[in-house]
Amino acid sequence: MIQTDTVVAISTPRGAGGIGVVRLSGSEALSIGRRIFRSQPPLGERVRHVEYGRVWAEGRAIDTGVAWAFVAPHSYTGEDTVEISCHGSMVVLESVVEEALRLGASSAGPGEFTRRAFLNGRLDLLEAEAVIDLIQASSKASLDNAYGLAGGRLSELVRKLKKRVVKALSLIEIGLDFSDADIDEIGRQEIRAELREVIEGSLRLAETFEGAKRRQEGYFVALIGRPNVGKSTLLNVLLGEDRAIVTPIPGTTRDLVEGKTVWSGQTMRLVDTAGIRQTDDPIEKEGIGRTSRAIDEADVVLAIFDSSAKWCDDDQIVLDLLPSEKSIAIFNKVDLPCILDRSKVEPRALSFVDISALTELGLEDLKRESATRIPQKMEIDGIGITRQRHQDCLMRAARSGTAAGKLLTDGQPDECVVVELQEALNALGEMLGERTDEDVLDAIFSEFCIGK
């Protein structure tokens with residue numbers, strides 16, 4: 001067997017009875033593909049045409065399916081690529097991969113195909129990273145953002161910032177190249193204008209990070225209340241599974257219990273907290289301390305009260321912890337006679353909803369109300385950055401742009417201004433992947449699954 005630069009992986013297994021795709025990419029992809037997949041005409045003679053044929057492994061036909069070939073550089077990876085679609089049995093798929101390995105291919109690593117697409121110039125690094133965001137999208141909102149990133153909208157914004165830095169550099173370097181032709185005041189004003197756009201544009205994009213990341217991971221919705229008001233029952237019914245233990249014994253929940261769901265196209269991370277009450281139990285007190293921290297971190301707080309019980313001191317403790325700017329009062333157990341004095345609660349919350357977690361009455365109202373209370377999206381052209389790496393690069397560009405502007409205003413040598421502008425240029429180029437260490441690439445593509 002002669003080892004080649006060609007890699008192989010199961011790209012999209014669908015399970016028994018479904019369809020699975022095995023992908024090959026590299027200089028020998030077509031040669032290996034033709035020996036595994038036999039059709040008339042042979043695979044690749046009609047580029048971008050789907051061929052029907054037999055799948056061969058270990059010297060015999062093991063399946064029938066379809067396959068197609070893409071010739072470099074007109075493929076996802078920028079290399080010759082073959083995709084063989086056969087029945088989704090893992091026995092079939094693994095046999096195809098083993099045959100490709102026997103014929104000289106290597107096993108693809110995580111993100112191997114997308115990494116090759118980046119290295120071959122088919123994608124920049126922002127577009128490559130967006131592929132994993134598309135795969136991991138858990139809501140329509142995060143899917144829309146990921147699609148925008150993958151489609152190059154963020155890359156376009158960053159390139160526009162780069163062009164402004166390049167323009168400022170070119171104006172300064174004219175003066176450096178022709179020492180007797182110092183930059184006039186009009187030229188300096190133009191440089192300052194470009195720098196303002198770079199600084200403001202970088203900061204605006206950097207500010208989208210927290211919101212986009214929160215949307216991607218799920219908005220934090222904390223369920224709080226005294227013991228036995230129905231927090232755990234509500235969590236379970238909202239998630240559609242028995243995530244939290246439900247008993248009539250007060251204080252059952254002593255730690256945070258969470259799960260994710262989607263409301264109105266947004267991912268919500270629901271967290272059931274320890275019941276709030278006066279207690280000397282050290283374990284229970286620690287749970288209540290965690291509840292307090294969860295309230296501080298939450299995007300929305302659902303404060304749950306038992307409408308079938310009289311107001312008590314523990315209800316007042318809950319009320320005192322309530323951050324009114326992000327809280328919704330939930331009056332639970334409305335299927336029973338209501339005797340709670342609501343007048344104590346309603347002034348402290350943004351809104352209130354009547355529900356019965358047991359009968360599921362009012363849950364749709366609760367979901368709609370919660371979805372309207374999540375933080376407003378901070379986006380530029382409908383997209384937000386999703387990685388710390390992006391924010392770091394943008395902040396470096398903004399800092400360097402600010403330093404360059406100050407040097408210019410203070411009348412410092414133009415050579416010093418150039419150094420700062422080059423740093424801003426490097427930061428934006430690094431964001432696009434024009435200057436990126438191998439270790440950074442390894443970390444990025446390690447997030448991918450095999451076959452992508």
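Me: In β10, which residue is the bridge partner of F220?
Reply: R269 is the β10 partner of F220. This is a predicted model, so read the pairing as computed from its coordinates.

Me: How many bridges join β8 and β10, and in which sense do the strands pair?
Reply: The pairing is parallel, over 5 bridges. Strand β10 covers residues 266-272.

Me: Which residue of β11 is the bridge partner of A222?
Reply: V301 partners A222. Here β8 pairs with β11, residues 300-306, again in the parallel sense. That pairing has 4 bridges.

Me: How do I read the two faces of a strand?
Reply: Start with the general idea. Now take β8. Y219, V221 and L223 lie on one side. F220, A222 and I224 lie on the other. Both sets are buried, which leaves both faces of β8 covered.

Me: How many residues of β8 are buried?
Reply: The count is 6 of 6, for the strand spanning residues 219-224.

Me: What is the strand order in the open sheet of 7 strands?
Reply: Read it as β3-β4-β5-β6-β2-β1-β7. The pairing is mixed.

Me: Which strands stand at the edges?
Reply: They are β3 (37-39) and β7 (106-107). Each has a single partner strand, so one side of each lacks a neighbour in the sheet. For β7, look at β1, residues 7-10: the two strands pair in the parallel sense over 2 bridges. One detail to locate is V8, whose bridge partner in β7 is S107.

Me: Which strands does helix α2 touch?
Reply: Helix α2, residues 90-102, packs on the sheet and touches β1, β2, β4, β5, β6 and β7. Its direction makes about 175° with that of β1.

Me: Where does helix α3 lie?
Reply: Helix α3, residues 112-119, lies across β1 and β2. It runs at about 135° to β1.

Me: How should I read a salt bridge?
Reply: The general idea is charge pairing. Oppositely charged side chains can pair when their charged atoms come close. This structure holds 25 salt bridges. Start inside helix α3. R116 bridges E112, with the closest N and O atoms 3.0 Å apart. The two residues are 4 apart in the helix, about one turn.

Me: Is R116 buried or exposed?
Reply: R116 is buried, at 13% relative accessible area.

Me: Which parts does the pair E194 and R164 tie together?
Reply: E194 sits in helix α7 (185-206) and R164 in helix α6 (153-177), so the pair links parts 30 residues apart in sequence. The N to O distance is 2.9 Å. E194 is buried at 9% relative accessibility. R164 is partly exposed at 31%.

Me: Which residues do salt bridges with shared partners join into one network?
Reply: The network holds R164, K167, E190 and E194.

Me: How do I read a nonpolar core?
Reply: In soluble globular proteins, nonpolar side chains tend to be buried together. Here the largest nonpolar core has 34 residues. L154, V165, L394, L421 and M431 touch the most other members. At least two residues of this core come from each of α4 (125-136), α6, α7, α13 (388-409) and α14 (414-432).

Me: What does L421 touch, leaving out residues up to four places away in sequence?
Reply: L421 touches V165, A168, L169, I172, L195 and A404.

Note on methods: Residues numbered from 1 in each chain as written. Predicted model: local features only at pLDDT ≥ 70, side-chain atom pairs only at ≥ 80, totals over all residues. Heavy atoms only, no water. Buried < 20%, exposed > 50% of the residue type's maximum accessible area, 1.4 Å probe, protein only. Pairing = 2+ DSSP bridges. Contact = heavy atoms within 4.5 Å. Axes fitted to C-alpha atoms, helices over the stretch in contact; angles between N-to-C directions. Salt bridge = Lys/Arg side-chain N within 4 Å of Asp/Glu carboxyl O. Core = buried A, V, L, I, M, F, W, Y, C linked by side-chain atoms within 4.5 Å.
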